[in-house]
Amino acid sequence: MLGDKKVLFSGMQATGSLTLGNYLGALKNWVSLSDEYECFYSVVDMHSITVRQDPAELRKRARSLLTLYIAAGLDPEKNCIYYQSHVSGHAELAWILNCFTYMGELNRMTQFKDKAARHADNINAGLYTYPVLMAADILLYQADVVPVGKDQLQHLEITRDIAQRFNAVYGDVFTIPEPYIGSVGAKIMSLQNPAKKMSKSDENPNASIYLTDDKDTVIRKCKRAVTDSEAVIAYRQEQPGIRNLIDIYCACTGRTPEETVKEFAGRGYGEFKLAVGEAVADVLQPLQTRFEELSKDKAYIDGIIKRNAEKAGYCAAKTLRKVQKKIGFPERVR
């Protein structure tokens, strides 16, 4: 705990482009947390290289993601917004924690199995030990809470197991993190396959709305969204495509599903899809304007990167020195 506030850690990978789902499901909610928690929001670029990346593109995407954090409303004076790769403590603690993690635990990680299946030509050790680096991310800042979706819950569980194992040997070193349970953001599904989440890594560009998509693109993607042949706007499990569009519309307008169904009763899918597209574009427009302004102010963004890396590094070093002393590493001569 830093000061009187509990610590919250989260991050996103610097791969792909952020989607409407990332914004409504996570980023938008992060903004409201800084009053309650001491927040560390990382651009987790070290995690990104488990899959081969173009170096110039990775740098560009990392900066874009950090800038989008701020454009979405995260105050860099109240939140520590930084690059994971700028704090060497992530890698140092990950190595130590590797020595307290069992092969059997890593073998059970479902995300490794999924990624290994998708990248069969590059099943590397980093992909295998990815959950340990994630544990280091969290434990390095003595995080009390971590916002996680169902797909990340397994990683938080292994983080807790590693921390408890270390504490059992060396005493009360790590805070045991809890999953953050607060207001749940809208779960936005793919426009082309409403059975799966909207993803920034989807190969079909029509499946996802990106935060930088202009209004015409947003409306075009909404018009192409998969629906059904019932031609009735209803909020039912049997109509996943329309249900997803209703969820998007509600998240962007503040209306309830019941109000939306009533509003569009007797109207066609085409008219509804257009309304969804316009509602999304209205939400994204101020974010995009702010993003463009920030992107042009190189000195401002560079200053944030420098100051927040120093803050994150300072907090990380306190934990790392404690861990190094506990396990018997020689003290550094200063």
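Cys 39 is buried, at a relative accessible area of 0%. Here, buried means under 20% relative accessible area, exposed means over 50%, and partly exposed lies in between (1.4 Å probe, protein chains only). Cys 315 also counts as buried, at 10% relative accessibility.

The model is predicted: local features need pLDDT of at least 70, side-chain atom pairs count only at pLDDT 80 or more, and totals for chains, interfaces and linings use all residues. Residues are numbered from 1 along each chain as its sequence is written, and side-chain values use heavy atoms, with hydrogens and water left out.

A disulfide is a covalent bond between the sulfur atoms of two cysteines. In the model, a disulfide was assigned to a pair of cysteine sulfur atoms within 2.5 Å. By this rule, the count is zero. Cys 39 takes part in no disulfide; its nearest cysteine sulfur belongs to Cys 80 and is 10 Å away. Cys 315 is likewise in no disulfide, and the nearest cysteine sulfur, again that of Cys 80, is 6.7 Å away.

The overall dimensions were examined next. Along the principal axes, the C-alpha atoms fill a box of roughly 75 × 45 × 40 Å. Buried residues account for 49% of the 334 residues. Contact means heavy atoms within 4.5 Å. Among contacts between residues at least 6 apart in sequence, 74% join residues at least 24 apart.

The protein has 14 helices and five strands. Helices (H or I, at least four residues) and strands (E, at least two) are DSSP runs, numbered from the N terminus. Two strands pair if DSSP finds at least two bridges between them. Strand β1 (residues 6-12) pairs with β2 in the parallel sense over seven bridges. Val 7 stands opposite Glu 38 in β2. Strand β2 (residues 37-43) also pairs with β3 in the parallel sense, over four bridges. Here Tyr 41 has Ile 81 of β3 as its bridge partner.

Seven of the seven residues of β2 are buried, so this strand is largely enclosed by the rest of the structure. One side carries Tyr 37, Cys 39, Tyr 41 and Val 43, the other Glu 38, Phe 40 and Ser 42. Strand β3 (residues 80-83) is also covered on both faces, with Cys 80 and Tyr 82 on one side and Ile 81 and Tyr 83 on the other.

Asn 244 lies in helix α11 (residues 240-253) and is buried, at 3% relative accessible area. Beyond neighbours within four places in sequence, its contacts are Lys 187, Ile 188, Met 189, Ser 190 and Leu 191. Asn 206 sits in the loop between β5 (178-180) and α10 (215-223). With residues up to four places away left out, Asn 206 touches Leu 191, Gln 192, Lys 221 and Arg 224. Asn 206 and Leu 191 are 15 residues apart in sequence and 7.0 Å apart in space, C-alpha to C-alpha. The side chains of Asn 206 and Arg 224 are joined by a polar contact of 3.4 Å. A polar contact is a pair of N or O atoms within 3.5 Å; within protein, one must be able to donate a hydrogen and the other to accept it, and residues adjacent in sequence count only if both atoms are side-chain atoms.
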